[in-house]
Amino acid sequence: MHKKKWKRVAIVRKVLTFSIAGIALLALLYVHVVFPASEITKLPDKLPTQHETSYQRLSRERSWIQELAPPHLPKAPLASRKLDVASRNGSLDKLWKPPPNRDYVPCVSASPLYTPPPGSRGYLLVHTNGGLNQMRAGICDMVAVARIINATLVIPELDKRSLWQDSSNFSDVFDEDHFINSLKNDVNVVKKLPKELATATKAVKHFRSWSGVDYYEEEIARLWDEYQIIRAAKSDSRLANNNLPPDIQKLRCRACYEALRFAPKIEAMGKMLVDRMRSYGPYISLHLRFEKDMLAFSGCTHGLSPEEADELKAIRENTTWWKVKDIDPVEQRSKGYCPLTPREVGLFLSALGFPSNTPIYIAAGEIYGGDSHMSDLLLRYPLLMNKEKLASIEELEPFVNHASQLAALDYIVSVESDIFIPTYSGNMARAVEGHRRFLGHRKTISPDRRTLVRLFDKIDLGTMKEGKNLSNRIIETHRRRQGSPRKRKGPISGTKGTDRFRSEEAFYVNPLPDCLCRMEWPYMNNSHSIS
């Protein structure tokens, strides 16, 4: 009888033990298997309209962004919302730390000798050319040119005929009234020509590239003797980078960093995207220039299939305004003239020491090849975000089919990022780098592509492995490529003519020393002065 009783007790104990173990296991699973709200696909409340359907139809190039976040991001999952506790300590702290600013601050005020604009001699019409950032630089240069030749500047016309086929007007991209008011002490700016001059004969000129004040005062200003209107057929690189009067250089900076503000709707949307990225913690903005137009133009085919290489070659041959047709892709890459591939970017970030939960904003258009080329980067860094992931279709709808406005959103998120990394030194990369320098030398890591491709090729050949050796080499190479203060680089020694100007570092890439001065702190005095 006692034996049977103890048997029943033993069975009950076993049942209880297994039950408790099962409950504990379920509790553990419940704690660790959290499904983030941003990773759950929600069914729409209503069927999309025909316009929404066409916008949602993602091509193969965009398939990596199919998993869209909800319109208003909820709190991000704890693991990705903030970087690990480890990221607050040790070497990871150094990764996010900006370079020393050395007390440089903007100094763009005019000198005591600078006067308000005198009576205008005529009107300057400007046809800008290129993408958003090429047009931005051109507009700011034309403000300075208008000052030099004593012209009234008519609000510039944006490029509608370039590769991007954007119909946006100036006021769609920039805050027109703010632009006019900000420059009232520098240049007279009007929205359009007076009606009585609408049919007047215009002097159409292609201003000489990288020209100084003498060219504009002597050759261009002479046109006022015969014409009331001068039309600049192009705006890019029409003003020298160096050796201009200090007040003209400071005017360029006031135009670029103060007057040329984006339109209110773009500024508001850009701020919202920044806030949503910040909900994941400090973030990198990656200008991933692995896009069809750039690859076709540069002739870079590394990592592409033969069919993709042929497609890009056909685009280059059929684009009449691209002068160079025959390009050796191997030579281009070995010289560092190719954008890093998504796979190479993943290797680069890992070698620098960024953990896999680092939030990364992809500032780019459609990535060529989509999943086939993004998979390696996505595997290393799952938290890849972009406009389409951070905002709803309805929020982005006003900007769709307007390349300049979409590029402006990427520009804002990139300028405000904790770290900016361009994979190619194109117009946007240079513009963002310069703006970040002006705002306090925010951290910008410029990949040494020439060195990197040699290291990556060794990995592909099996003569080097990922690990400490590769990491040390890459970290040491980029120790001085993080956006710290330095004077703008002059021309390469031995170059002549236009090649000499072309080899200079562009004014808007680095506004030091013209627009940045070092703050001096007098000993035992709380006041400060600018030198």
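Guide: Two strands pair if DSSP finds at least two bridges between them; helices (H or I, at least four residues) and strands (E, at least two) are DSSP runs, numbered from the N terminus. This is a predicted model, in which local features need pLDDT of at least 70 and side-chain atom pairs count only at pLDDT 80 or more, while totals for chains, interfaces and linings use all residues. Residues are numbered from 1 along each chain as its sequence is written, and side-chain values use heavy atoms, with hydrogens and water left out.

Visitor: Which residue in E9 stands opposite Tyr 361?

Guide: Strand E8 (residues 360-362) pairs with E9 in the parallel sense, over two bridges. In E9, the residue opposite Tyr 361 is Met 385.

Visitor: Which are the edge strands of the open sheet?

Guide: The open sheet consists of four strands in the order E9-E8-E7-E10, with parallel pairing. An edge strand here pairs on one side only, which applies to strand E9 (384-385) and E10.

Visitor: Are Ile 419, Phe 420, Ile 421 and Pro 422 of strand E10 buried or exposed?

Guide: In a regular strand, side chains alternate between the two faces of the sheet. Buried means under 20% relative accessible area, exposed over 50% and partly exposed in between (1.4 Å probe, protein chains only). Strand E10 (residues 419-422) places Ile 419 and Ile 421 on one side and Phe 420 and Pro 422 on the other, and all of these are buried.

Visitor: At what angle does helix H19 run to E10?

Guide: Axes are lines fitted to C-alpha atoms, for helices over the stretch in contact (heavy atoms within 4.5 Å), and angles run from 0 to 180 degrees between N-to-C directions. Helix H19 (residues 427-438) lies across E7 and E10, and its angle to E10 is about 155°.

Visitor: How many residues apart in sequence are the parts that Phe 262 and Tyr 411 tie together?

Guide: Rings of Phe, Tyr and Trp (its six-membered ring) pair if their centres lie within 6.5 Å; planes under 30 degrees apart count as stacked, over 60 as edge-to-face and the rest as tilted. The structure holds 11 aromatic pairs. In one of them, Phe 262 and Tyr 411 have ring centres 5.7 Å apart and planes at 75°, so the pair is edge-to-face. Phe 262 lies in the loop between helix H9 (246-259) and helix H10 (264-278), and Tyr 411 in helix H18 (residues 403-415), so the separation of the parts tied together is 149 residues.
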